[in-house]
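Take a look at the model, then read on.

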Amino acid sequence: MGQLLAQILVNGLISGSTYVLVALGFTMISGIMRVLNFAHGEFYMMGAYGVYVLTQYGLGYFPALLIGAIIVGAFGVVMERLIFRWVIGREVNGLIVALGLSVVLKALALIIFGPVELAVTRPVHGTLDLGSVSIPYDRLLVGGCAFGIMLLFYFFLTFTRVGLAMRAVAQDEKIAAIQGVRPSFIHAAAFGLGCLLAGLAGGLMAPIYTVNPTIGELPMGKAFVIVILGGLGSIPGAVVGGLLLGIAESFFSTLIDGTVSAMLVFALVVLVIIVRPQGLMGRSL
Amino acid sequence: MTRSLLVATAFAGLIAAAPAHADKTLFLGGIGDLSGQGAVWGQALQGALRMVQQEVNDAGGIKIGNETYKISTTTYDDAYQSQKAVAAANRLIDQDEAKFVLGPLAASGAIAAKPIFEQNQVIDLVVGAYSRKVMEGNPKYIFRVSNTPVEFIKPILTWLKANNGDKIKRVVVMNPNDEAGWDMQELETKSYAEHGFDLVAKELYERSTKDFQPILTRLIAQNPDMIDMAGSSPASAGLIVRQAREMGYKGKFIKIGGPGPREILTAAGKEAAEGVMQYIPADPSTEGYKKLSERFAKLYGHDMDPSALTNYDALKILLAAMQKAGSIETDKVAAAIPQVMPFKSIAGGDIVLGGKSDYGSDHQFINPIFVGTTTDGGLKIVQMQ
Amino acid sequence: MSSLELDKVSVAYGNIQAVHEVSLSVRQGAVVCLLGANGAGKSSLLNAIIGLIPLRGGKISWQGRDMTGTRAFEAVRQGLSLSPEGRRLFPGLTVMENLAMGAYRQTRGDTAVSLERVFGLFPRLKERARQRAGSLSGGEQQMCAIGRAMMSNPSLLLLDEPSLGLAPKVIGDVARAITEINATGVTILIVEQNAKLALRLSEYAYVLETGRVALHGPSKELIDDPHVRAIYLGGVATA
């Protein structure tokens, strides 16, 4: 039993860590711009296709992951300047715009790549066997990278000037502006960074699963559950919520089954909404 | 440049239109998932329509009775959803005045659209749609053109018992948690028992699942000799194979359900996919298959899913029935379908009409049945008796 | 020579006009106060000067430069700084981070100098440097807000209700800091409901009533003005 619990925990932590990457960008964009970017899953999808295309051109996996994510981030900046800046602070309008963009991006992927499942060559093979717990190396890599990226993101927000300005804008945009922060710059930067994180998550998961135009839907759904769980706009909430969701899912679906697990997770979310409407960690960036 | 292109197009149009006084148009409608989970099968459906259209029109049309017909086709996307399948059926009948339709693929869509086709006396060639209800109630205009588990599960299990019976005793079945999955699970539970296998676990998972580790942790603990991915989508099946191998599972895999060798190989990776067995509706090593696959690749830029061949055969049967009837009146065509059977598949082997014992009427096309074993990235094919 | 010049400035929120053609001037290096009841348009005027609200009409200039239409994030480079009404600290950031935000446009070297100066003015902030601003007491929050405004090393400091809700002892500390800041040559425009305090700190005062300048003059004279005494000083005689 102890052995099984350890395996459940490891599985949950690894899948949870990838949920966190998607949720972080989603919650940050919502915190800074008051925009619920429901196209966030499609930026994840683009990151996965980015890795696929770049490795097809002979690039190594890691350069492809990085370059792909940067391209996705840059595309996010363009989308913010073209579309999202007009709906900042108007959550319903933003939601509709994002849903529209999501449909368009999926359709574009379908036109360009077709409905087929594409595979990205795995950077590592094999399974790490620790006796009681076995972890495939590629998942270990994904988990490690995800935690590394979380740490970098934390340092960025805490110790850099732009990171500080992002937190300030999230808390009080007008007062941040009179300190000399240009809000439009922070909006574009935050949106781009959020999309870059989603792109990284997509690129990390691409070799684990397959790539098709609809792969963004599932992580988007998870990210939404996580930010409700952790508190909309809350960075610590996204981390705690993501890991909690990963572990809860792993626990329930190993010990009971997948369907019951989905139900129980949903029940957990409803419970949080009723007991703590502001989420586990409240709203602060 | 654009201008000259326009002129050229107009000119080409004139030439094409010139002999129009002789030709009538035969419209073939399609309903398939072109954007969702079943898009691979939807594209195979659309591709079959386009290929039949292409070859008939290139040959100057098809002579039915005293008329020569050119074929035109349109396939509507139902995104694997029943309400969209109904909308597509209505649109085909009301706007396009379709009398012949291929699809839908999803059981729910086929069941929902069934009364519409029956009422309007439109021949509907259903593809996939693994549900008994599609064939119930003695439909007059509905034919199912692809094999379903009812047709192929027994031959496959008989073959398996004869060839691997000593090695495979404990079996685990995994199905998606929806109507198709439930039907499949019920049928497999019965069939595995009848063939003397020990079904140690039956798992229903949510269709959106990608991380099967938790489920597999539990299933592998049952020490199965074989995991059957049954009604799983090919991509899900591939992920199950890969993740189970990574978790140290050493037993066999089979997928007695909707085919998708390419997707399984892609999702599982060449190494993990080695030795995976699956139901295959056509033998890819035949000349007929290869030729059709090349034509498909020209249209879509990637390999053909085997189900396209079944669809292609079904459309050829339909056209043969029209010629036999000497008419495109649906009553006459429906009556002529049994007369053109058995029909030779382009990939060899006979397609016959059956289904009376299972569904109450002979409206089921029974196609040749194969099992493909993934070997070094390719498929080793065995035909079932 | 006058340095901040407002010429017939009007401010409106939608259809509601908050400030009607207000003209005023502040001499370089002076402390000038704006008195008035709640809703008289005092805060609106400060927000308009710093660029948080667009002008409906009129002109603003600072040290001879036209500031009309300057956007909020550009004002700090012109030497303007605001300690807003209700302090408006970033509650989730630490005291240190709030101060760092105040120096957002400063170089690293200048920031160190400004920080030393702010800690000199408010030693309490140094003790609280690692604490979240949201957890500070009212007085500490006000010190932090003024400190943050001073981090950009401004030439014109706009103070909006610095004494609001503070204990008398703390008000004294804040008042002393304002005098010290002014002594280093910073021009200060201060909005206050506590007229007694404001008139004591300033050399010149404007009284706003329903968005218009009702009265203005040297603070010493206004202290004895019967109208001001009746309405803003509660009839209490002052020293």
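Pro104(B) sits in the loop between strand E4 (100-102) and helix H4 (107-119) of chain B. (Helices, H or I with at least four residues, and strands, E with at least two, are DSSP runs numbered from the N terminus.) The peptide bond leading from Gly103(B) into Pro104(B) is cis, with omega near -5°.

Before we go further, some ground rules. This is a predicted model, where local features need pLDDT of at least 70 and side-chain atom pairs count only at pLDDT 80 or more, while totals for chains, interfaces and linings use all residues. Residues are numbered from 1 along each chain as its sequence is written, chains are lettered from A and ligands numbered from 1 in the order in which they are written, and side-chain values use heavy atoms, with hydrogens and water left out.

Back to chain B: Met341(B) and Pro342(B) are also joined by a cis peptide bond, with omega about -10°. You'll find Pro342(B) in the loop between helix H13 (330-336) and strand E12 (343-344) of chain B.

Arg87(C) isn't a glycine, yet its phi is positive, about 70°. Its loop runs between strand E6 (80-83) and helix H3 (95-102) of chain C. Is Arg87(C) buried or exposed? With a relative accessible area of 15%, Arg87(C) is buried (that word means under 20%, exposed means over 50%, and partly exposed is in between, using a 1.4 Å probe and protein chains only). Arg88(C) also lies in the loop between E6 and H3 of chain C, and its phi is positive too, near 45°. Arg88(C) is partly exposed, with a relative accessible area of 34%.

Arg88(C) also reaches across to another chain: it forms a salt bridge with Asp172(A), the closest N and O atoms being 2.7 Å apart. (A salt bridge puts a side-chain nitrogen of Lys or Arg within 4 Å of a carboxyl oxygen of Asp or Glu.) Which elements of chain A give two or more residues to the side that touches chain C? They are helix H6 (161-171) and helix H7 (173-178) of chain A. H6(A) gives the most, with six residues. By type, that side of chain A has nine nonpolar, four polar and five charged residues. (Nonpolar covers Ala, Val, Leu, Ile, Met, Phe, Trp, Tyr, Cys and Pro; charged covers Asp, Glu, Lys and Arg; the others, Gly among them, are polar.)

Chain A meets chain B as well, and there Asp211(B) forms a salt bridge with Arg139(A), with the closest N and O atoms 3.3 Å apart. On the side of chain B that touches chain A, the residues divide into ten nonpolar, ten polar and ten charged.

The table sets out both interfaces. Contact means heavy atoms within 4.5 Å, and buried area is the accessible area (1.4 Å probe) that two parts lose on being put together, summed over both.

| Interface | Residues in contact | Buried area | Salt bridges |
|---|---|---|---|
| Chain A and chain C | 18 residues of chain A, 20 residues of chain C | about 2000 Å², 61% on carbon and sulfur atoms | two salt bridges |
| Chain B and chain A | 30 residues of chain B, 30 residues of chain A | about 2500 Å², 53% on carbon and sulfur atoms | two salt bridges |
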